[in-house]
Amino acid sequence: MAAVLCVGLATLDVTQRVDAFPAPGEKVRSLHAALSPGGPAANAARAVAALGGKSSLLTALGADALGEFVRASLDPVQVTAVPATTPVSMVVVRDADGERTVVSRNASVPVTAPDLSGLLAAADVVLLDGHHDGLAIPVAQQAKAMGLPVVLDAGSWKPVLDHLLPLVDVAACSSGFERSEAELHSYGVPLVIRTHGAKPVTWSRNGSSGEVPVPAAEVKDTNGAGDVWHGAYAYALASGGDPVAAIGFASEAAAVRVGAVEDWVERLARWQDSRSGSRSC
């Protein structure tokens with residue numbers, strides 16, 4: 001079974017669907033409200049599990065009702081959480097096109113990594129989202145020493161990336177990521193990938209470059225789509241997939257995510273069942 005260790009942010013998401021985003025000072029009535037686990041690393045870990053992989057998450061959560069809700073909601077992901085305040089994200093999704101806006105307070109308290117030997121020994125691939133410096137740096141250092149592929153979810157520039165990028169094998173960037181492919185290669189990153197929403201995904205490696213088309217999808221909710229992309233990509237690598245060929249699989253999984261309003265994990269699992277006949281590797 002392909003095993004992925006996801007390291008980074010887990011949050012409690014409060015999501016509301018609306019007809020239109022409110023103007024400053026305006027109140028609007030929501031169409032639907034839901035509580036769920038969120039955060040780049042947590043969503044990626046849920047995607048790995050839905051695709052049939054062995055999924056582990058190293059994060060920081062509070063020892064309170066909020067933290068317990070997040071832990072319980074992440075099952076069957078194996079969660080290792082160091083003590084911290086549970087981050088909360090307020091998500092508003094526009095019903096017409098699935099566009100979302102998010103207000104959150106993320107990893108604001110320094111944390112210290114626990115013993116990592118068991119987590120890394122059980123992993124085929126490590127996926128980092130750049131949050132929780134005290135977890136990301138030691139994991140990346142030890143993974144590199146062990147020869148484990150390290151994938152970075154590069155959504156936005158963070159100071160810790162100066163230290164992480166030399167340890168990264170694949171940097172998968174959002175369209176708005178503030179550094180160019182050339183700059184990332186200068187840190188020693190072999191493969192740089194950049195997603196562009198509904199436009200083809202671009203990649204560059206060893207002086208070569210290319211693009212991979214993105215499947216058409218009816219967009220109902222874009223929240224967490226990038227996280228699912230990264231989780232699916234890491235799962236494909238852990239399953240023995242080629243790093244460039246895995247781009248197409250990840251984009252297909254993200255298309256499944258944006259087509260779901262609720263229960264995207266179950267929808268992703270059904271999709272995987274339909275394409276492979278089995279959720280195991």
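Here is a short chat about helices and a sheet in this predicted model.

Colleague: Which residues count here, and how are they numbered?
Modeller: In this predicted model, local features need pLDDT of at least 70, side-chain atom pairs count only at pLDDT 80 or more, and totals for chains, interfaces and linings use all residues. Side-chain values use heavy atoms, leaving out hydrogens and water, and residues are numbered from 1 along each chain as its sequence is written.

Colleague: How many residues of helix 8 are buried?
Modeller: Helices (H or I, at least four residues) and strands (E, at least two) are DSSP runs, numbered from the N terminus. Helix 8 covers residues 246-258, and buried means under 20% relative accessible area with a 1.4 Å probe, protein chains only. Phe 249 and Arg 257 are among its buried residues. Helix 8 is mostly covered, the buried count being twelve of its 13 residues.

Colleague: Which strands stand at the edges of the open sheet?
Modeller: The sheet has nine strands in the order 5-4-1-8-9-10-11-12-13, with mixed pairing; two strands pair if DSSP finds at least two bridges between them. Each edge strand has a single partner, so one side of each is left without a neighbour in the sheet: these are strand 5 (78-83) and strand 13.

Colleague: How are helix 1 and helix 7 oriented to each other?
Modeller: Their axes, lines fitted to C-alpha atoms over the stretch in contact (heavy atoms within 4.5 Å), come within 7 Å and cross at roughly 50°. Angles under 35 degrees count as roughly parallel, over 145 as roughly antiparallel, 65 to 115 as roughly perpendicular and the rest as oblique. Helix 1 and helix 7 are therefore oblique.

Methods: Expected span 1.5 Å × (residues − 1). Buried < 20%, exposed > 50% of the residue type's maximum accessible area, 1.4 Å probe, protein only. Axes fitted to C-alpha atoms, helices over the stretch in contact; angles between N-to-C directions.
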